[in-house]
Structure formats: C-alpha cells, structure tokens
Amino acid sequence: GKREAILARWNSDAAGTGVKGRHRSEGVAIRGERGSFALTLASGEQIAAHSVVLAIGMQGNLRQLDVPGAADADCIQYQLDDPKAYSGEDIVVVGAGDAAIENALALADGNRVTIINRRDGFDRAKQGNHDAIVQAAENGRLRCQYNSAPLRFEPADTGGGNLVLQTDDGELALRCDRVIARLGATPPRRFVEACGVRFPSDDPAAVPELSNQYESNVPGLFVIGALAGFPLIKQAMNQGYEVIEFIQGRTLAPADEPLLLEKF
C-alpha cells in the first residue's frame with residue numbers, strides 16, 4: 001500500500017488497541033531487568049515496565065566528515081529531505097552506499113552532481129542502484145570520482161567552498177555550493193551500554209549480542225531493527241511482532257516455515 005494509507009492504518013490500530021503513545025518524551029536511562037524495569041525520561045519522570053524493546057535505530061548518530069573545516073561549514077549536511085529543494089547548484093555527495101547513490105541520482109536532474117567514492121566501485125550497493133549510478137555516470141548525468149577521500153574543506157566568503165580530496169594523482173579541489181555526506185551511522189553505544197547491554201567488540205560498527213529472540217544479555221530487554229544489525233523497515237516490523245509474541249509466551253514459527261513445508 002501507499003505510505004499514507006499504511007500510516008493511517010497503523011495509527012487507527014494503535015488507537016483501537018489502546019497503545020499509549022508518549023510523544024516528545026526522551027528516554028535517558030533504563031535500569032532493572034525482566035519484570036522490574038524503570039525507564040527515566042528527560043523530564044525526570046519514571047515509567048515502570050515488565051519488558052523493554054529498543055527500536056531506536058541509529059539515525060540519531062550519523063557519521064560526520066572528520067576533516068579540517070567541515071565542522072563549521074553550514075553547507076555540509078548529512079541528510080537529504082527533499083532533493084527538489086535544490087536547483088542549479090554544484091553539489092558533492094560523499095559516500096558509496098545506497099543512500100548516497102539515491103541522493104546523487106535524485107539531485108542530478110536539476111544540479112551538477114559529483115559523487116565521491118573511496119573505492120573503485122559501488123560494490124556495497126544494491127544491484128539496481130549500482131547499475132543506475134554507473135549508467136548515470138556513463139551518460140554524463142553526474143560525475144563519479146573514484147579512489148578519492150575528503151582531505152579538508154575550504155569555505156568561500158560567498159558561500160559554499162572547496163572540498164579538497166586526496167586522490168591517486170594528488171590533491172583535487174572541487175568547488176561546490178553544497179556537500180551531502182552519507183556516511184552511515186553508528187550505534188548509540190554510550191546509552192545502550194549504560195542500560196547494561198554488551199557489545200562483542202570495540203568496533204564502532206558492532207551490534208549488541210542478542211539471542212534468537214532478539215533478547216540482550218539483560219533479561220527482558222530486547223533490541224530490534226538497525227540497532228540490532230537489521231536496517232530494513234520490514235525486518236524491524238517482523239522482529240517487533242516476533243518479540244511481542246515471545247514476551248506473551250506464544251510460540252511463533254518462522255515466516256518461511258509454512259512456505260518451505262508446502263514447497264517440499
């Protein structure tokens with residue numbers, strides 16, 4: 001279904017089943033374990049819970065350009081809400097994943113776009129995005145700068161500036177009105193570890209240790225979605241359903257089990 005119809009269905013179902021939504025309520029601490037959790041909000045209020053499901057994703061912890069000049073540059077952004085908001089600009093997109101590719105393609109219709117890739121290809125992207133970005137470069141819709149990494153940003157008095165790259169042939173300065181860096185995200189480790197959840201290593205990209213039911217080492221505290229290493233919305237939705245069924249004590253067969261039984 002369309003996005004608007006799906007959201008309307010979710011809202012009506014949530015209201016019909018008595019789900020209590022607490023908006024503008026930031027959780028700052030979780031203490032306890034199964035049967036006796038205490039959640040502390042930024043307001044100081046505490047909420048008691050039998051179980052806790054962390055489905056907070058990672059988009060609040062976007063990786064940023066860690067090069068001189070980037071921190072103070074107003075023309076550098078890390079998300080793209082509406083590509084149609086920009087027209088006639090020289091835009092540099094930094095990144096080689098699906099988000100970077102989709103942003104670059106969307107902006108290429110009305111802007112002059114260069115996408116920066118540290119490697120010599122887009123091997124991390126979905127096949128459709130890979131083919132689309134390669135074709136767009138071949139057709140001249142945009143420019144792909146391979147084997148290049150941001151070195152520093154030099155702001156201009158008139159706005160924008162130069163993004164200086166380190167390439168195989170030395171330094172290369174790209175004049176741009178805007179830089180959109182899509183560098184992925186890192187787990188909010190400090191908060192999650194403060195809840196008692198363990199990570200298997202110090203790797204910034206590591207995800208928490210979880211059981212087959214997505215339960216962490218803290219009994220009764222579950223982690224689903226991107227924070228658990230499953231970034232797709234459909235994965236998070238299925239995991240949420242599985243977790244609630246598990247908490248309720250109901251056995252849930254894997255979604256593909258009846259399909260496989262019928263097949264074989």
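## Close-up views of side-chain contacts

A search of the whole structure, a predicted model, turns up 3 aromatic pairs.

**View A. Phe122 and Tyr146 form an edge-to-face pair.** The ring centres of Phe122 and Tyr146 lie 5.7 Å apart and the planes meet at 65 degrees, so the pair counts as edge-to-face, a label for angles over 60 degrees. Phe122 sits in the loop between β7 and α3, while Tyr146 belongs to the loop between β8 and β9 (149-155), so the contact ties together parts 24 residues apart in sequence.

**View B. Phe222 meets Phe246 edge-to-face.** Here the centres are 6.0 Å apart and the planes are at 75 degrees. Phe222 comes from strand β13 and Phe246 from helix α5 (residues 233-247), so this pair links distant parts of the chain, 24 residues apart. Phe222 is buried, with a relative accessibility of 2%, and Phe246 is partly exposed at 35%.

**View C. Arg34 and Glu215 join in a salt bridge.** We now turn to charged side chains, for which the whole structure holds 12 salt bridges. In this one, N and O are 2.3 Å apart. The pair links distant parts of the chain, 181 residues apart: Arg34 is in the loop between β1 (27-31) and β2 (37-41), and Glu215 is in the loop between α4 (189-194) and β13 (221-223). Arg34 is partly exposed, at 42% relative accessibility, but Glu215 is buried, at 13%.

**View D. A salt bridge connects Arg141 with Asp109.** The N to O distance is 2.9 Å. Arg141 lies in the loop between α3 (127-138) and β8 (143-145), and Asp109 in the loop between α2 (98-107) and β7 (112-116), so parts 32 residues apart in sequence are tied together. Arg141 is partly exposed at 36% relative accessibility, and Asp109 is exposed at 65%.

**View E. Arg189 contacts both Glu193 and Phe199.** Arg189 forms a salt bridge with Glu193, with 3.1 Å between the closest N and O atoms. The two residues are 4 apart in helix α4, so about one helical turn separates them. Arg189 also lies over the face of Phe199, 4.2 Å from the ring centre. Arg189 is buried, with a relative accessible area of 15%, while Glu193 is partly exposed at 37%.

Definitions and conventions
Residues are numbered from 1 along each chain as its sequence is written. This is a predicted model: local features need pLDDT of at least 70, side-chain atom pairs count only at pLDDT 80 or more; totals for chains, interfaces and linings use all residues. Side-chain values use heavy atoms; hydrogens and water are left out. A salt bridge is a side-chain nitrogen of Lys or Arg within 4 Å of a carboxyl oxygen of Asp or Glu. Buried means under 20% relative accessible area, exposed over 50%, partly exposed in between (1.4 Å probe, protein chains only). Rings of Phe, Tyr and Trp (its six-membered ring) pair if their centres lie within 6.5 Å; planes under 30 degrees apart count as stacked, over 60 as edge-to-face and the rest as tilted. A charge sits over a ring if NZ of Lys or CZ of Arg is within 6 Å of the ring centre and within 35 degrees of the ring normal.
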